[in-house]
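Dear colleague,

Please find below the structure that I am handing over to you.

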Amino acid sequence: MKKHSSKHATDSSVVTVAIVQAASVAFDRKRTLEKVLDLTRDATKKGAQLVLFPEAFISGYPRGLDFGAVVGSRTEAGREDFKRYWESAVDVPGPAVETLSKAARANSVYLVIGVIERAGGTLYCCVLFFAPDGTFLGKHRKVMPTASERLIWGYGDGSTLPVFETPLGRMGAVICWENYMPLLRAAYYAKGIELYCAPTADGRDSWHSSMRHIATEGRCFVLSANLFARRSDYPEVHGAVSKDQDEVVSRGGSCIVDPLGNVLVGPNYEGECLLTAEIDRNALARGKFDMDVVGHYARPDVFKLVVNEADTPAVVFTRGES
């Protein structure tokens with residue numbers, strides 16, 4: 001468990017959290033960061049102590065793009081699409097991380113945001129965590145990109161599965177269809193997650209059902225943030241999306257659910273919005289009374305999970321003894 005204390009700590013059991021449902025400016029890191037600053041400021045005006053942004057908010061979820069790839073062939077145009085995407089990604093650490101750190105500090109909030117991380121020649125779908133004093137707490141890399149995402153994103157490993165102990169509660173993030181990996185969820189439950197952040201790009205009806213299930217299963221608060229985007233939010237070079245500028249290409253569905261599966265706010269499918277809710281941390285203990293899937297409701301004599309949290313680089317350099 002990674003601990004973080006803050007001068008903004010509160011003894012109150014009631015915490016105000018906010019979900020940002022909005023469109024990023026696809027492939028444009030600078031303009032998206034400007035939008036993040038504005039939306040974070042708006043959330044704090046509503047009393048938010050934690051602000052969650054969707055999956056891949058910086059520099060965008062490339063919905064509809066095929067990057068010119070079919071089995072056995074890649075196109076030059078597709079390579080150019082990837083180059084554009086790579087150029088708009090985020091270095092960790094780097095200038096964009098510094099900007100986000102300043103945003104968290106200026107607004108005295110925990111900031112949790114989906115980014116596309118650039119590391120060498122590989123992109124990772126990632127979540128970054130910042131404390132109210134601006135401290136960069138760490139990151140989670142998506143361990144399993146879904147379907148065609150595997151063409152453009154690398155795989156995270158067990159070294160970035162953090163749960164941070166904060167004055168608001170134990171906080172972590174599981175990205176999009178990672179939430180359908182039962183063993184990954186079990187690992188987070190075992191780390192005592194209480195503020196279960198689920199940034200996503202999935203706006204189907206089934207997603208909302210999954211968020212209620214996970215909240216009930218883990219007896220935790222689930223905060224899910226999705227993009228709301230129209231065709232006009234993507235650049236003209238993004239040829240695979242509809243030409244109708246008003247067409248909704250990502251419909252949202254963001255929500256906040258309590259540890260008994262009750263929906264506190266959402267899902268919202270209407271447009272860009274800022275969803276806020278007051279959550280009572282006392283509900284966590286009440287929920288664990290009859291369900292703790294890694295405690296009194298577990299059967300470790302029958303079922304056991306082993307999690308490898310080691311970093312797994314492709315190349316390891318060693319020096320032999322002289």
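A pocket, as the word is used here, is an open set of grid points where a 1.4 Å probe fits, with protein on both sides within 12 Å along at least five of seven lines. Please note that the model is a predicted one.

The second largest pocket has a volume of about 350 Å³. Its lining comprises 18 residues, of which Tyr-61, Arg-63, Thr-146, Ser-148 and Glu-149 are the closest to the centre. By class, this lining of the second largest pocket consists of 10 nonpolar, three polar and five charged residues.

The lining of the largest pocket has 14 nonpolar and four charged residues, and no polar ones.

As for the cysteines, the structure holds zero disulfides. A disulfide would require two cysteine sulfur atoms within 2.5 Å. The closest cysteine sulfur to that of Cys-125 belongs to Cys-126 and lies 7.7 Å away, which is too far for a bond. For Cys-255, the closest cysteine sulfur is in Cys-273, at 11 Å, and this is likewise too far for a bond. Cys-125 counts as buried because its relative accessibility is 1%, and Cys-255 is also buried, with a relative accessible area of 0%.

Yours sincerely

Terms used
Residues numbered from 1 in each chain as written. Predicted model: local features only at pLDDT ≥ 70, side-chain atom pairs only at ≥ 80, totals over all residues. Heavy atoms only, no water. Nonpolar A, V, L, I, M, F, W, Y, C, P; charged D, E, K, R; others polar. 1 Å grid on protein atoms, 1.4 Å probe; cavity = no way out; pocket = protein on both sides within 12 Å on 5 of 7 lines; lining within 4 Å. Points joined across faces, edges and corners; volume = space filled by probe spheres on them. Buried < 20%, exposed > 50% of the residue type's maximum accessible area, 1.4 Å probe, protein only.
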